Amino acid sequence: MYRDCALDKLRDFLAVKGLQAMIVPSADPHFGEYTQPHYRVREWLSGFTGSAGTLVVTEKSAALWTDSRYFIQAESQLQGARIRLMKQGMPQTPSIEQWIKGEYPDGANVALDGRLFSLSQYRRMEKELAPLCRCVPVEDPFDAIWSERPAVEFKTIKALPRKSCGERTSEKFKRFKQAAAVAEDERFVYYLSACDDIAWLCNIRGADIEYNPLPQSYMLITNSAMHLFASLENMDEELQQALSAEGVELHAYSSFESVLASLSADMKRFYCSDAISVAHYGIFSAAGAEQMEDSMPGGIVANLKAVKNNWEIEGFRKAFLYDGAAWCKVLSKIDKALSEGVLLTESMVKSFFTGIRSENEFYAGESFEPIVAFGKNAALPHYSVSQQSDSIISGNGFLLMDTGAHYSFGGTTDTTRTIPVGVPDERQKKFYTLVLKGMIDLSMAHFPEGTRGSSLDILARGPLYNEGVMYYHGTGHGIGHYLCVHEGPQSIRREENPVVLKAGMVLSNEPAIYFEGEYGIRTENVLAVRETEATHFGSFYSFETFTLVPISLSAVDKSLLTDAEIAWLNDFHMAVFKKISPLLDAEEKEWLERATALL
């Protein structure tokens with residue numbers, strides 16, 4: 001079996017180097033959510049294809065940690081492998097460090113690729129493994145071990161028009177220096193590795209990473225310039241000149257480490273410990289230079305990027321308008337097929353979305369792997385249809401669809417709808433309605449300035465908590481402006497996050513419930529934080545809903561909703577019909593009129 005062979009090759013490497021274990025993350029040197037195939041080492045070793053997971057390989061054993069989104073998928077994909085599944089976040093699951101210390105009570109040398117672990121991760125692991133086990137940063141061993149390893153690819157880099165982003169790169173450069181509170185003549189250098197932060201600063205987009213419109217890049221910011229390290233051969237002369245005029249100095253991507261090593265010792269170093277690798281920190285912190293850690297969660301640029309300007313907000317509105325029309329065309333097509341007894345499968349519905357969206361001239365690809373899941377497959381939060389799993393949509397059950405797209409004028413979408421197929425039973429109606437109730441309650445929230453997402457999370461979960469059930473993933477994540485569909489630093493989740501919600505931040509709102517082996521329900525809209533009013537008690541905020549996709553009413557138990565919740569739902573559907581109906585043909589418009597009828 002190839003997995004056993006791959007694990008044995010890694011163990012041979014460890015033996016030669018005098019190491020007892022290696023920690024293999026799902027990461028690349030830029031710490032993004034999605035990685036190029038070149039960096040999918042954990043997948044090659046384990047066979048587990050989920051986007052999040054950490055594999056630990058020792059001399060005689062192996063274990064994989066992943067979160068609740070992937071528990072069922074991981075159990076299936078690890079069958080037959082000599083790899084134990086560790087369900088992250090569950091009460092009886094040990095941490096990686098606890099497990100390693102249990103395997104090696106007398107101590108061990110634990111290898112990790114220094115380019116794939118942030119400084120903060122390394123420091124935490126080093127502390128947790130002490131005193132007998134220790135972390136040993138190593139260079140990537142997989143070029144030698146993985147004989148058919150894909151090469152790193154670089155593709156065309158394009159400019160995002162000024163009318164789409166609303167702010168020049170030079171203006172963002174000034175705002176960065178103000179946020180960093182550096183003196184006008186201060187000699188400093190700020191390290192930046194997050195590709196979406198860099199793309200936002202430079203108003204550029206690329207195609208190096210699946211589902212993310214990003215060029216692979218690094219940046220060093222000084223008082224006088226932003227130094228961009230990217231694939232210059234994939235950037236035309238016009239763009240290079242435009243960037244230069246905005247204060248961006250261009251360097252080859254491959255030259256980054258040599259430039260890091262050549263920095264003058266009198267330059268103060270700024271970095272975010274969550275976003276600088278152990279390997280790069282070793283170079284960046286050399287020569288005894290003064291160092292300053294960026295204390296903002298996610299870093300200065302991520303916090304600037306998270307607050308969208310008016311141009312960006314308009315881009316979102318336009319993107320959700322176009323995407324709402326595509327959704328309605330797909331939903332009406334599904335409804336017609338099911339009513340006429342036409343065979344439908346998950347993969348067919350998935351193709352409906354990409355096919356209809358691609359008719360829009362501004363469509364720039366899916367923003368993540370589309371989820372189309374029927375019946376028990378919908379109980380897998382991050383299900384991905386395959387030839388083996390592709391289910392026929394028939395009988396009684398829920399069809400869960402979670403998809404999103406990028407639009408080149410500047411917008412990224414993410415929407416989930418669950419529709420009943422056949423006749424839902426009373427239990428299914430109850431939980432469908434409770435999920436909807438939580439989504440509406442969060443949508444209606446009014447809250448004072450300074451509120452954190454964790455303070456609002458209970459609004460979405462409360463109706464489910466009252467029934468003794470819950471979902472384990474977050475309720476809301478930030479969304480980029482024609483960037484990454486999952487963006488920080490803001491969030492809405494149970495876990496504490498010190499980032500406060502500010503006007504202009506965009507987040508998802510996606511409560512859910514999953515019953516393993518039965519069905520799953522998730523309803524997701526996307527919201528923007530807006531300032532509502534100022535009183536003598538201070539400023540108060542609420543949410544604007546961007547999403548324009550009808551919510552199926554046939555599984556709603558109206559008795560479980562308050563008058564205010566029913567009014568919100570009716571108002572939402574009135575807005576959907578008013579805005580989307582002009583973009584549909586006569587048959588689709590007739591379907592939408594039925595779908596948005598008053599509850």
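Predicted model: local features only at pLDDT ≥ 70, side-chain atom pairs only at ≥ 80, totals over all residues.
**Stop 1: helix H17**

Select residues 453–465, which form helix H17. At 1.5 Å a residue, these 13 residues should span 18 Å, and the end C-alpha atoms are 18 Å apart, so the two values agree. Now select Leu-459, where H17 bends by about 35 degrees. A proline, Pro-463, follows within four residues.

Next, colour the buried residues of H17, including Gly-453, Leu-456, Asp-457, Ala-460, Arg-461 and Leu-464. Pro-463 is also buried. What do the buried residues of H17 pack against? Show helix H16 (426–443) together with strands S21 (447–448), S23 (487–492), S25 (512–515) and S28 (538–545), and you have the answer.

**Stop 2**

A cis peptide bond joins Gly-488 and Pro-489, with omega about 5 degrees. Pro-489 lies within S23.

Then select Tyr-482, in the loop between strand S22 (476–478) and S23. Its phi is near 50 degrees, a positive value in a residue other than glycine. Is Tyr-482 buried or exposed? Its relative accessibility is 11%, so Tyr-482 counts as buried; the cut-off is under 20%.

Most residues other than glycine have a negative phi, and most peptide bonds are trans.

**Stop 3**

Select Ala-130 and Pro-131, which are joined by a cis peptide bond with omega about 10 degrees. Pro-131 is in the loop between helix H5 (119–129) and strand S6 (134–138).

Move on to Asn-203, in the loop between helix H9 (195–202) and strand S9 (204–205). Asn-203 is not a glycine, yet its phi is positive, about 55 degrees. Asn-203 counts as buried because its relative accessibility is 8%.

**Stop 4: Thr-58**

Select Thr-58 in strand S2 (residues 54–58). With a relative accessibility of 1%, Thr-58 counts as buried. Leaving aside neighbours within four places in sequence, show what Thr-58 is in contact with: Arg-11, Gln-20, Ala-21, Trp-99, Glu-103 and Tyr-104.

**Stop 5: the cavity**

How many cavities of 30 Å³ or more are there? The count is one. The largest cavity has a volume of about 50 Å³. To see its lining, select Met-22, Ile-23, Val-24, Pro-25, Val-41, Asp-113, Leu-116 and Phe-142. Strand S1 (residues 21–24) gives the largest share of this lining, three residues. By type, the lining has seven nonpolar residues, no polar ones and one charged.

Methods
Residues numbered from 1 in each chain as written. Heavy atoms only, no water. Helix = DSSP H or I, 4+ residues; strand = E, 2+ residues; numbered from the N terminus. Expected span 1.5 Å × (residues − 1). Bend = angle between axes of the 7 residues up to and from the residue. Buried < 20%, exposed > 50% of the residue type's maximum accessible area, 1.4 Å probe, protein only. Contact = heavy atoms within 4.5 Å. 1 Å grid on protein atoms, 1.4 Å probe; cavity = no way out; pocket = protein on both sides within 12 Å on 5 of 7 lines; lining within 4 Å. Points joined across faces, edges and corners; volume = space filled by probe spheres on them. Nonpolar A, V, L, I, M, F, W, Y, C, P; charged D, E, K, R; others polar.
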